[in-house]
Amino acid sequence: MSFSREEFEGKGYVVLRGLIEPECRRAVQRECQVLVEELAGQLAAAGRISQTFAEAPFERRLMLLYRDLPEETPTTFRRQLHLRGFFGLFAHPRLLDVAARTLGPEIRLYPNYSVRPKLPHDPRTEVLWHQDAGYTPGEAQELRMMNVWTPLVPVRVENGCMQFVPGSHRQGVVEHEKDQHYLRIADHIIRSVEGQAVNIELDPGDVVFFSNLLFHRGLPNSADQVRWSLDFRYQDATQPTLRPAQGHLLRSRAHPEQVVRDAEHWAQLSFG
Ligand SMILES: O=C(O)CCC(=O)C(=O)O
């Protein structure tokens, strides 16, 4: 399945099925398991849990670890992602090829890359209607970016898939209001288009590219397992990030010596 730039520009998103190979996904999942193992060790050492659920499946272990500590459940991992196994996904050649067709030859990983373990019935993980650009101060509509979202488990409405409003990226950056955990698009703007929302149901290996101006949200998870996913963003690296952090260069004709070389190099760097 190939990427259509016309579709991306028309709808504001494109789904590509089966793009990430099992080997790459397994490497990512192994690193997520390392993160969970670390948390289990910390909770056990602090006497906060009586068992570490070492045999529990990936989809359930984090949930079991925190079942008596709901307020403390991690909702995102960011600073922890400089582990070797994440590099193959963030710098996946096919993802970078797609990004290069729209953004050009200078591509950075924008300093906003996350793993989200969306736990069931946790209000802190219901991501409200927003545009990513709504979170960036200044001239965010000028940023040439492509967002990527990909799951490690099958994602449906029931376990908290994303919803998009097709074509909404053409409205520019709209008014956002502060809610308890997230920003959300002002009611008078979202109300008129919410009925057009589509569910973005994906399987492991599938990827969705979407505009940083697209109206989107992440539904709550009402299943009995963790909805593991990753979201990250590519940007034309000739532009400023409009954030204090500069991200990491993944492709460059102008400055090849500054590109993150490989997984070892990635693991020596830090978030930002
Ligand atoms: O994963 C989710 O539920 C929401 C993610 C999101 O809003 C994003 O990637 O911008």
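Me: A molecule sits in a cavity or pocket if more than half of its atoms lie within 2 Å of its grid points; where does the ligand sit here?

Reply: A pocket is an open set of points on a 1 Å grid over the protein atoms alone, where a 1.4 Å probe fits, with protein on both sides within 12 Å along at least five of seven lines. The ligand sits in the largest pocket. This is a predicted model, in which local features need pLDDT of at least 70 and side-chain atom pairs 80 or more, while totals for chains, interfaces and linings use all residues. Residues are numbered from 1 along each chain, and side-chain values use heavy atoms, without hydrogens and water.

Me: Which side chains have an N or O atom at 3.0 Å or 2.9 Å from a ligand oxygen?

Reply: A polar contact is a pair of N or O atoms within 3.5 Å; D132 is at 3.0 Å, W149 at 2.9 Å and R233 at 3.1 Å. Taken alone, the ligand exposes 300 Å², of which the protein buries 99% (Shrake-Rupley method, 1.4 Å probe).

Me: Which residues of helix α5 are buried (under 20% relative accessible area)?

Reply: In α5 (residues 93–103; helices are DSSP H or I runs of at least four residues), they are L95, L96, V98, A99, T102 and L103. Their directions from the helix axis to the C-beta atoms fall within an arc of 160°, so they line one face of α5.

Terms used
Buried means under 20% relative accessible area, exposed over 50%, partly exposed in between (1.4 Å probe, protein chains only). Helices (H or I, at least four residues) and strands (E, at least two) are DSSP runs, numbered from the N terminus. A polar contact is a pair of N or O atoms within 3.5 Å; within protein, one must be able to donate a hydrogen and the other to accept it, and residues adjacent in sequence count only if both atoms are side-chain atoms. On a 1 Å grid over the protein atoms alone, a cavity is a set of points where a 1.4 Å probe fits but cannot get out, and a pocket is an open set with protein on both sides within 12 Å along at least five of seven lines; lining residues have an atom within 4 Å of a point. A molecule sits in a cavity or pocket if more than half of its atoms lie within 2 Å of its grid points.
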